[in-house]
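Please keep the sequence and the model in view while reading.

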Amino acid sequence: MNSRHVFVALCLMMLCLRPALAQRGLKDIPAPDTAAELAAMQVAEGYEVNLFAADPLITKPLQMNFDPQGRLWVSSSSVYPQIKPGEVANDTVTILEDRDGDGRADRHTVFADGLLMPTAVLPGDGGAYVANSTEFLHLKDTDGDGKADTRRVVLSGFGTEDTHHIIHTFRSGPDARLYFNQSIYIHSHVETPRGVRRLNAGGIWRFAPESLVLDVFARGWVNTWGHAFDRWGRSLVTDGAGGEGIYYGFPGAAYQTAYGTPRILQGMNPGSPKYCGLEIIDGRHLPDDAQGQLVTNDFRANRVSRFRLTEQGSGFASEKLPDLIHSQRVTFRPIDVKMGPDGAIYIADWYNPIIQHGEVDFRDERRDRTHGRIWRVTAKGRPTLPRIDFTKLSTPQLLGHLKSPESYARDMAKRVLFSRGSEAVVPELTTWLASLDPLDPDFERLRLEGLRLRQGLDRGSQSDIDSGLLKSVLESPDPRARAAAARIVCDWADRLESPVELLAAAVDDSSALVRLEGVRALATLGGKRAAELALHGVDHERDDALDYAVWLAARETKDAWLPAVLDGTFVDDGHFGRVIFAVRSAEASAAVPRIVTALKNGGVSEADRPAALSAIATLGDPDHLRLAFDVVTDPATPPARASALLGDLLDAHKRRQISPAGDVTAIERLVTSPDDACAARAIEATAAWQVTAAAEELAGIAASATRSPSVRRAAIAALGGLPGDPPRAALLKLCTSPDQDEIYPAAAIAALVLHSPTEAATQAVAFLGTARNAAARTLLYQSFLSVQDGASKLAAALDRSTSTLSPEAAHDGQQAVSASGRQEPGLTQAIAAAAARSSGAGSQTAAAPHAMSAAELDAFVELVRGKADATRGAAIYARENLKCVTCHRIDSASGRVDKAGGRVGPNLTAIGASSPLDYIIDSLIYPAKNVKEGYNTVVVQTADGQVITGIQVARSDEELVLRDANGKELKIPTATIDEESAGTSLMPAGLIDSLSREELADLVRYLSELGR
Amino acid sequence: MASSRARSSRRIVSRLLVVALAAIPLGSRPAFADPPTQAASPTTAGAWSLRDGDRVVFLGDTFVEREGDRGFIETALVASHPDASLTFRNLGWSGDTVWAESRGVFDQPSKGYERMLALVRELKPTIVFVAYGRNESYQGAAGLAGFRKQLEKLCEDLRGTATPASDNAAANPGAMRLVLVTPHRFAAAAGDARNAALEPYAQAIRDVAGHEQAGLVDLFAQMPTTRPSATPLTENGVHLSNAGYAEAARIFVTASGHALPADFAARFEKLRTQVVDKNRLFFHRWRPANETYIFLFRKHEQGNNAVEIPQFDPLVEAAEQQVRSIAKGTR
């Protein structure tokens, strides 16, 4: 390329941009200069970086994949983030080649243009698969001029609700299927010859282009921008917003934000920054310690990161390693990584000072629309590998490459073999398999590769499968081979003699990994016998993923096992625990009588008894609940067990509005239990079951200075839930009786809100006028905000009254309103007016004291970078009144999770590495301005007048689970929801109002250094 | 529900119509001849025609959505009415059903259904083509009654959008005509079982068309399933190829009482290109990307960009003018 012309053009462009650049945090955008960019990279010891290609050969690269000829296919978009009215979409797919092997692209061809935000490209089947917004295309060059001339819409109906969420991350799987992902805001509805496939929210699609079978491999995540397969075909995943590092993908896995599931899994590195792209690196060019490392991109912090996996349980443990590259330039945006034909690591750099489209206006001039780089990382002093054109190799030569130490070579060889068809490959493959040496340490993997080839060559006929080979791999001494083979049983099930029986050994395998795949495969096959076998999983030790897998299997196969359990034909081999687990997992209330019978006639082992009782309490009818109730109130039951079971009974009341049959006053006995947890639950139960006779005793507990705070608070809350005059009178008394701790009268007023909001409002105004305890004041405000019309009642009382609010009391009130995620202008004004009466000033709501103009922000950024002190900032962060730690979590560098930190707001472990200064400052002053994906609130109004604001944790047809501002998870039955709307942020505005400018600078400095 | 006798008599009429249409030798008539009198008098069951000034809306699943990007049916209808001033708005959505199952976005489908009706109200169509039934047919016999009921509701709700609200005296009650479209058969490769399940759904559509006094385009009965020595009509057994859309276009035009020249696809390629361009502009108008940020719950971040979306309106109108002028020119 003519670099001088480009350089001049770039300088001119930067001059034009200059005025726009005189803006906040992003004012120092460096001019594009590949030499300076290289110089700004800190590269890990032993590695070096060179420029493989840059604009104008490519612009704005989004994804890249190599083909078996060693050519690099790159999809690019300058239309992103949004097509302009009148603009003709003309995004491209480009092919780059390094013909002379000097590590630099020397030839480029625009394979396709006229595309609309092609977020992915994967060469294959004589052309390339390309993501084109709503469409999954196959483009082909039929006349050999290098340009695509046919365009086929293979699949369509993918959502575009967010253009960095549209289908992306095309990968070629070990099973010759195409894998591709969509992110959280996308809703896709795809017609296939076998019916419509729908996926709401994020997930990984799996597609077989030959049979046109499309299904969802795994679900959830926020921005699933990375997916790689290890040498055994296992899926590792990264998330460009999820924050848990490396994730393990298996069929049916569900992670954060998965739609329609009440249970999700967790990633392996909580507190990680966002990652984009993923590749497992290996091969002779790279040093020994790099073999098998995972490389992904921390695009926000301008880093290329590395992880090491170790096998653990049914999956892996993942450990973060020092970065491969860390650039000081804000424009370095690594977003994809691939191993190349020469054994080097290739990094696609999107090159943009702006990270994505949410931050600044779509048309903001700081958005770069023309540049892009592909960097090449090599190991110093080690020879690169000769490039091979795999399409030119004979079939035996290709088979030979399956022994290659480079996964690149193995994958390319397989892709070419897949395309040659059974007739050409199978005879050679048979010879090759026979020639393998069983003593070769790689023998088990090579035999699996042979099986994979049969899978990839499968065109649906009986002769395409090799059940003998499959069986031998199922019996391999290597659990990784056995696990892979279990999944393949599913794919060949339509032609295997008895696929379910083939999996019988897997579910009792000594390896958790094999059990996991066996359980998932059986659930996919379905039917009574498959369900019975899958539930063998219950007999063995289970880590989280395996427990999830059995849980999911029980739910998916419910229609197969439930009738059998009911009619007594279910075969449990004397392990009734399997039935109990299945009933609880699938919430199969119809089977509760079966468990009751077993309990009564001794069919439940002592070890299974708590689970059986829990199933009855959670799922049963009132008569069943009575059985559990009698166990709870049996003096012989230890308090801890009674407490747990009572929790289940309370859950049944909350979720299904049912209570134990008969007289439940016996629960009163437990309110005096010396076990605080048990007593508090018993007290809660008196209100749930309306044991009005308990009112007097509760009043005594509420006022008792000798009872523990949790029990006293429970008693006060229960008085709010009990109907009638005695509880109300008791609460009124508690409201006004002097107490050392203001939290008790506050709690009493909060409970009174449920009896009479008007009466409570009067009490509240009096209380707020004098209260000094901020937590008590906040509790009060929250109680009014959580019932319908509560806010207006409190506002009316404030307006009626001549009493006043201190600035602190007013501040707490405005914060509580802000944290509710709703607009309550009436209450906001009433609070401001009461505060103004106190100060004698006019009734004006103070604007955010830290609001800044652009110039002030510049000066403030200087202060943060200069005099501010991170150690002082850390102390400010920890201050109780700022509540940072209540909602946010910061994990320690050793990777151990501080469970004390809150989970209400985003994990801040890497906030400094991932967010620019102005973003951090803005988010502190205006919390609702930029809400991290997955942290937008939902506001729900229930049929009984409650108003609940929280962040969605899970959602299914039956239930919505929200996490509220106190970190509590609330399960709301869908049937009780009257109205649902979108709120903004749970973080109240004004939290930092009490800080001085210097203190705020210290806090920002501390946050900005986290993860750096 | 109509009595079975009434239903069977309607079926006979519609069968007669099919026979009558099939009797017209395709392509043997000069282009744009007067409508064949035996087929399309306005009183014949299932008959429909396009009039000068018609605002046409297409509603349906992938068949409709992809027609927007292929443009064969629209092109054929425009070309066969070169003197009429027609507008077309394609509201197809992949995977959709009569319950608007693809239109919920972040809400339940019922909300998407309401939004769809609101959009139709806004577009004020005089004629709406409704093409559903394929995706519903995967439910088999068990889903048939529900489908039929919902299709009837959809017809009534669509007509309801043309009923004047108190503040909208301009709307003309009953002005909207409906044309129901049966799904074409699955190609042989996709299996006969699928067609056996689809057939009663096609019949339900014919029945509802009669019951609702709607027009009919019977692709199920009229689309050929094979064409010897020619490009296949579908790309995957379900979705039409360009050749398939050209065939469907001919059936639409014939049903409207006109005919097409044999070489219409080649002859109107320029017109079709313009139709497709116009439809792409309209797509960005009614289903813009980044909806989450522009209009929905993250609009506090990028809602200021919403101002661009209506800027597509004049572009769509200009493109449609261009369509009409090309159509006139090809006359």
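In chain A, the loop between strand 7 (120-124) and strand 8 (127-132) holds Asp125(A). The model is a predicted one, and in it Asp125(A) has a positive phi of about 50 degrees, although this residue is not a glycine.

Asn302(A) belongs to the loop between strand 21 (294-298) and strand 22 (303-312) of chain A. Because 22 other C-beta atoms lie within 10 Å, Asn302(A) is buried.

Pro56(A) sits in the loop between strand 2 (47-54) and strand 3 (61-66) of chain A. Another cis peptide bond joins Tyr80(A) and Pro81(A), where omega is about 10 degrees. The loop between strand 4 (72-76) and strand 5 (91-97) of chain A is the place of Pro81(A).

Attention may now turn to the packing of helices. Two packed helices are described by the angle between their axes and the distance between the axes. For helix 25 (residues 774-785) and helix 27 (residues 807-819) of chain A, the angle is about 40 degrees and the axes are 9 Å apart. The two helices of chain A are therefore oblique to each other. Helix 25 of chain A passes helix 27 of chain A in a right-handed crossing. Among the residues that make this contact are Tyr781(A) and Leu785(A) of helix 25 of chain A, and Ala816(A) and Val817(A) of helix 27 of chain A. By class, the contact between these helices has 6 nonpolar, 3 polar and 3 charged residues.

The last topic is the contact between the chains. How many residues does each chain give to the contact? Chain A provides 35 residues and chain B provides 32 residues. On the side of chain A that touches chain B, strand 10 (150-156), strand 13 (187-192) and strand 14 (195-200) of chain A each supply at least two residues. Strand 13 of chain A gives the most to this side, with 4 residues. By class, the side of chain A that touches chain B has 12 nonpolar, 15 polar and 8 charged residues.

Methods
Residues are numbered from 1 along each chain as its sequence is written. Chains are lettered from A and ligands numbered from 1 in the order in which they are written. This is a predicted model: local features need pLDDT of at least 70, side-chain atom pairs count only at pLDDT 80 or more; totals for chains, interfaces and linings use all residues. Two residues are in contact if their C-beta atoms, placed from the backbone, lie within 7 Å. Ala, Val, Leu, Ile, Met, Phe, Trp, Tyr, Cys and Pro count as nonpolar, Asp, Glu, Lys and Arg as charged, and the others, Gly among them, as polar. A residue is buried if 20 or more other C-beta atoms lie within 10 Å of its own, exposed if 12 or fewer, and partly exposed in between; C-beta atoms are placed from the backbone. Axes are lines fitted to C-alpha atoms, for helices over the stretch in contact, and angles run from 0 to 180 degrees between N-to-C directions. Angles under 35 degrees count as roughly parallel, over 145 as roughly antiparallel, 65 to 115 as roughly perpendicular and the rest as oblique. A crossing is left-handed if the near helix is turned anticlockwise from the far one by less than a right angle, and right-handed if clockwise.
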